[in-house]
Amino acid sequence: MDRRNPPLVSRMAPHSTSIFGEMSKLALDLGAINLGQGFPDTDGPQELKDAAWRAITDGRGNQYPPVHGVPTLRSAIADHQKRFYGLALNPDTDVVVTTGASEALAASMLALVEPGDEVILFEPWFDVYEAIVDLAHGIRVGVPMNSNGLRPNLERLSTAITARTRVILLNSPHNPTGTVFTREELQWVADLAIKHDLIVISDEAYEHLWFDESRHIPIATLPGMFERTITVGSGGKTFSFTGWKIGWASGPADLIGAVRTVRQHLSYVSGGPFQWAIAEGLAFPDTYFENLRSDLLMKRDLLGSGLRELGFDVITPQGTYFITTDVRPLGFTDGLEFCREIPHTAGVVAIPHQVFCADVSIGAPFVRWAFCKQPAVLQGALDRMASTFTP
């Protein structure tokens, strides 16, 4: 074998490094508070830990679980979609359990995108999106989130569609901006998908993490959309057990059948005992989901008000774990430069939007902060920055 050239295939070379790895290393090396990565710093409900332990001790899931997911979890996912959104699913054909939402997205893309097909992404996007499009040999087409304060530019969406467009990859609540698409925005997407006979892959990992009156609406609930939509969910985000890596995809049997075909050749199966636990969680009463939102809302407002007092221009999120600031009021024009500097000067880590963009100008001045941390951690980060930034 000729080792003169790097062994990594060229289409994956741009994905060989990650901003999360870089920033997390800075946090570790410098003892900085890490508000970069989006995971809670406390565990989820004890009831689910107990459920996972019971599954282990009872011998449920310690060996390979069924390839498409434990039937109890698939039924719980179907019940969840009916309970919250009125969507009727057959758990035997319309649901597949995956190793986190990321695998559901990857399997969907690999199953549905032929080489040269165009995939529309809203920009900035979660970094795994561009990697999975490249894995599928698709062509990324960005539509900026730059209307009226980090909202989707729907006119640009309309003009982005060509004869080669195959998929719209939708994410609401949206990472990294925290935007929750309105019914009107979703209807615009739906009308275009129907008109051009497109498939929508809808990443709804943060479906229960919406705030104020910005209720999450699955695009599959709009007329004519269920039959062309794959909906992706995440037990890790909903129950604060991101390390369990239990996700799923649901939708019409033909699309889910395609996803199942690919997914079984990726991880095959995973997380047997955790599947049983997440099934119990999906049946939690409404108060669980309401309290989850209330807790995160308090943390959002704590961090947001503190950043505002420090002189940042804060764009209040409607959902997710993340709050966005414009760093230009502090004298910066480049969010990446800002994020590489503040671990040294202020002892805090954040993530720049521009690394989630093909067009760097879209995200250049914006920085994402994770507020899914303990209040004392958030306040500690604000106190550290107070010695560096003065309004």
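Visitor: Which residues does Ala107 touch, not counting residues up to four places away in sequence?

Guide: This is a predicted model, where local features need pLDDT of at least 70, side-chain atom pairs count only at pLDDT 80 or more, and totals for chains, interfaces and linings use all residues. Residues are numbered from 1 along each chain as its sequence is written, and side-chain values use heavy atoms, with hydrogens and water left out. A contact means heavy atoms within 4.5 Å. With those up to four places away set aside, Ala107 touches Val259, Val262, Arg263 and Leu266.

Visitor: Is Ala107 buried or exposed?

Guide: Ala107 sits in helix H4; helices (H or I, at least four residues) and strands (E, at least two) are DSSP runs, numbered from the N terminus. Buried means under 20% relative accessible area, exposed over 50%, and partly exposed in between, with a 1.4 Å probe and protein chains only. The relative accessible area of Ala107 is 0%, so Ala107 is buried.

Visitor: What is the relative accessible area of Ser108?

Guide: Ser108 also has its place in helix H4, which covers residues 100–112. Ser108 touches Ile201, Ile230 and Val259, leaving out residues up to four places away in sequence. Ser108 is buried, and its relative accessible area is 0%.

Visitor: How far apart are the end C-alpha atoms of helix H11?

Guide: Helix H11 runs over residues 286–309, which makes 24 residues. The expected span of a helix is 1.5 Å times one less than its number of residues, so H11 should span 34 Å. The model agrees with this, because the end C-alpha atoms of H11 are 35 Å apart.

Visitor: Which residue with a positive phi follows H11?

Guide: Within H11, the buried residues include Tyr288, Phe289, Leu292 and Leu296. After H11 comes a residue with phi near 105 degrees, and that residue is Gly311.

Visitor: Which strands stand at the edges of the open sheet of four strands?

Guide: The order in this sheet is S9-S10-S13-S12, with antiparallel pairing. Two strands pair if DSSP finds at least two bridges between them. An edge strand here has a single partner strand, so one side is left without a neighbour in the sheet; the two are S9 (313–315) and S12 (351–352).

Visitor: Which residue in S13 is the bridge partner of Pro352?

Guide: Strands of a sheet pair through backbone hydrogen bonds, either parallel or antiparallel. S12 and S13 (residues 366–370) pair in the antiparallel sense over two bridges. In S13, the partner of Pro352 is Val367.
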